[in-house]
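Welcome! Take a moment to look over the model before reading on, and keep it in view as you go through the points.

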Amino acid sequence: MSYLTVHNAIKRFGDFQALNDVSIEVKKGEFFTLLGPSGCGKTTLLRSIAGFNDLTSGAITLDGTNLRAVPPHKRDIGMVFQDYAIFPHLSVFDNVAFGLKPRKVPAPEIKTRVMQALSAVRLQSMAERLPAAMSGGQQQRIGLARAMVINPRLLLMDEPLSNLDAKLRIELREEIRDIQKQVDIATIYVTHDQEEALAISDRICVMSNGRIEQIGTPQEIYGDPQTRFVAGFVGTLNTLESGAATDALLGRLGLTSRAGLTWAVRPENIGLAGSGFTGEQLSGTVKKFTYLGREAHLLVTTEVGDLVVHVANPSRSAILEPGAATTVVVPAESLMAFDADGRRAATGG
Amino acid sequence: MARPNFWTLIAIFTWALLILLLFVPVGSVLTSSLYDRAGNFSLTNYITFFSEPRFFTAFVNTLVVGAGGLFGALLLGSIMAFCITRFQIAGGKFASLLAILALVSPPFIGAYSWIVLFGAGGLVRNLLREVGITMPPIYGLTGILIVFSLKFYPYVYLLVSGALANVNRSLEEAAEGLGLTPWQRTMQISFPLVFPALSAGGLLALIHAIADFGTPRLLGRGYSTLATEAYAAYSAEVGSNMSMGTTISVILIAVSMIFVLLQRYMSRRNVYHGNLINKPAKIRLKGWRNVLAHVAVYFIALCGALPVIVSVIYSFRKTSGPVFKEGFALQSYERIIFNLGDVVRNSLSFSTASVLLIIVIGTLIGTLVARRTTISTSLLDGAFMIPYVMPGIVIGIAYIAAFNTGPIVLTGTAAIIVLSIFIRRLPYTVRTTASALRQISPSMEEAAVSLGYSPLRAFLRVTVPLIVPGIIAGGMLSFVTAINELSSSLVLYVGSTMTMPVRIYLLILDGDFGVAAALATILLAISGLAVYIAFRFLGRNEQALL
């Protein structure tokens, strides 16, 4: 039984169609992520659920009630903002207590609930400080505590980590995930960072141009992308040049191609000869070698086009200079085919 | 549904206000200038203006003092800005304070203090004569230009020092790395970066120089400008020529407008948003260069503040009637308490009334402009530029033209003075409120809404507390402008609505400098207090004074 449903949502801003017939269902306690490039409609959808902009048409229900009939301040939905939106004129404590006041919570209870929320985000020692001089990570923790303390029916997060530096982003996303599981609250999380989405979500909804491309678990989204857009946006993708060489390779792999199909493969699902991959071999020359420590990225020119190959744990002596000859191994099960509309096609292998 | 209705009402109110207090007076000036004395529509006044040598001379003189004030202010202001932002100057903050003092000092008093020191019987001139140096008295064009340069340089100084302090040092270092000489660096990197500030400061100096009425009146000795001619045409005891006064006013507005548009055109492309990763460092100069920089800064700052210093000292001198005696006494202040209490009260109550109006109405209109982009805000923005370029004397004449007869008669009332101050300063509050609101992220109010506050309560609980310090500070600075306002009040006052600046002007004309100096000192103390309160609320933000 779904908790939040958005049904056939359409939103137009003048001539621009921000949401084009979008439907999602979120379960109780689920961490649901909207993933996509900027302008794909993910923030518009989130703000429609929050009530900051109304849909042109469509339905939103939360726990059986029609949300579109409820004004935003009565929806009981917690929200965390990209720019934190911490009130600079209030102390950390008063920021977190802000949402409890209109709920007429008695003062002693405010105190215990605020301190509980602050200790959940590890800021209990800073309750009396003013937020202005605090770091972005600390401000976003206040934002999280402030949204959680009202025990909202739904938690919305609009790219909450995108203004933080890389290391803090990883640290805070783990915390967000832990707190969300503890409180067991349905959460909708917006991000354009595919790695973040994979790490944090129960399910991911990939969007582009106001449409839903695919909804699924992180494993389904990454391992079994249903559209070419999803495959390319989540992870990297090598596209094989169409032509005789590719057809020959497919034939050797026992795959049958059709006109209009595009074939692609992820860089980590192919390997160099002798690296444990089994499949058909393609000879080529190294164009570029990038050493990244725990892996190395190679760009290899082959008869089916330039292929990126990711090599895990490259040995320090295995550096290949540009121009060196090498052999790429392509396993049959690694290849994905997409039709002319970008949809995943059965590979018939 | 209450909110949209409320803001629609505010929009209607704003336009009604602008029509009544701005378009009707300006329209009256324009129509009055287009009718001859017999009441027939004609261009006689304009033909007279351009054919009579007297008016043409005033026109040329206005351009001369405008250009002179502009270049003097640019020269002094940029030297001081450059020295203070780039070199370590002992007591640099004190020098800035002196610049602020010059800026908020009451008008006229500057001109008169210079007469006291360098006039025909001037103190310094007499001293110099005793050691055998004769210098010409300060009257005429030279005197006007000296006073304008020293009175208006703070506009350039405050704007340019702000801009210079924000030039990313990496840009100059990059230019150095590319092999540019220091001179090339200054001209090709720093100068374009501060040009918008330089031209904006210069424009303020220029507009104030063109509009200034008191300085040429006192120092000019026959050197007339459009502002003095307009006042003369209006106030002549015999044969007051209102239509000539309004004609000159129209030309004065046109001249100011042309310069505003010119400045906008010149700095249209030069908007830079520096990042402040690499703030410029102040260099510690050595030897004669250090001495030179200090002398330059303190010479400019002290000369600019000299009128203030002179009036404070003279306000405590012993007098017998208008004549100064040896020694010090509080006689001048006693005379104010016994005879001029109502003038001080008028000034305080008129200024307070206009500032309260400015704060309440300016904040509402500023919110409207920032939040309701559906209404034609650019039109409103344009309309609000008009009071900015209207010289005070023109506002005064326009209000007389509009409210002397007809459905609304206000001449001789306190209301007309309050409203004339109100409309001149309103644009500043509207702009500062609108820009303050635009700086507050909309997610701030959205956060409050998501936490259970209705939109109106979110605005009151989150946005208002954030902009209130700025509004109070802006109100205090409006108060400084209001209480020092002279030229429009001079046209609009009657005996019972006389204000302190008007009284100072009349006292100086009467030669009673002791009381004038004491009144000026009181005015200065009030202004100083207001500036202090503003800085307490806003931080020491000297550019907010402009």
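Here is a short tour, from the whole chains down to single residues.

This is a predicted model, in which local features need pLDDT of at least 70, side-chain atom pairs count only at pLDDT 80 or more, and totals for chains, interfaces and linings use all residues. Residues are numbered from 1 along each chain as its sequence is written, while chains are lettered from A and ligands numbered from 1 in the order in which they are written.

**Confidence**

- The predictor gives the complex an ipTM of 0.85 and a pTM of 0.76.
- For chain B the mean pLDDT is 84, and 92% of the residues score at least 70; pLDDT is the predictor's confidence in each residue, from 0 to 100.
- Where pLDDT is low, the predicted coordinates should not be read in detail.

**The two chains**

- Chain B contains 24 helices and two strands, where helices (H or I, at least four residues) and strands (E, at least two) are DSSP runs, numbered from the N terminus.
- Chain B has a radius of gyration of 24 Å, close to the 24 Å that the globule rule gives for 546 residues, so it is as compact as a globular protein of that length. The radius is taken over C-alpha atoms, and the rule is 2.2 Å times the number of residues to the power 0.38.
- Along the principal axes, the C-alpha atoms of chain B fill a box of roughly 75 × 70 × 50 Å.
- In chain B, 47% of the 546 residues are buried. A residue is buried if 20 or more other C-beta atoms lie within 10 Å of its own, exposed if 12 or fewer, and partly exposed in between, with C-beta atoms placed from the backbone.
- Chain A has nine helices and 19 strands, and its C-alpha trace spans about 75 × 50 × 35 Å along its principal axes.
- Buried residues account for 38% of the 349 residues of chain A.

**Helices that pack in chain B**

- Helix 3 (residues 53-86) of chain B and helix 7 (residues 141-165) of chain B have axes that come within 6 Å and cross at roughly 45°. These two helices are therefore oblique to each other. Angles under 35 degrees count as roughly parallel, over 145 as roughly antiparallel, 65 to 115 as roughly perpendicular and the rest as oblique.
- Helix 11 (residues 226-235) of chain B packs with helix 18 (residues 392-403) of chain B at an angle of about 25°, their axes 10 Å apart, so the two are roughly parallel.
- The axes of helix 11 of chain B and helix 12 (residues 242-266) of chain B come within 7 Å and cross at roughly 160°, and these helices are therefore roughly antiparallel.
- Axes here are lines fitted to C-alpha atoms, for helices over the stretch in contact, and angles run from 0 to 180 degrees between N-to-C directions.

- Ser235(B) lies in helix 11 of chain B and is exposed, with 12 other C-beta atoms within 10 Å.
- Ser235(B) and Val323(B) are 88 residues apart in sequence and 29 Å apart in space, C-alpha to C-alpha.
- Most residues other than glycine have a negative phi.
- Asp76(A) has a positive phi, near 65°, and sits in the loop between strand 5 (65-66) and strand 6 (77-80) of chain A.
- Asn313(A) has a positive phi too, near 40°, and counts as exposed, with 9 C-beta neighbours inside 10 Å.
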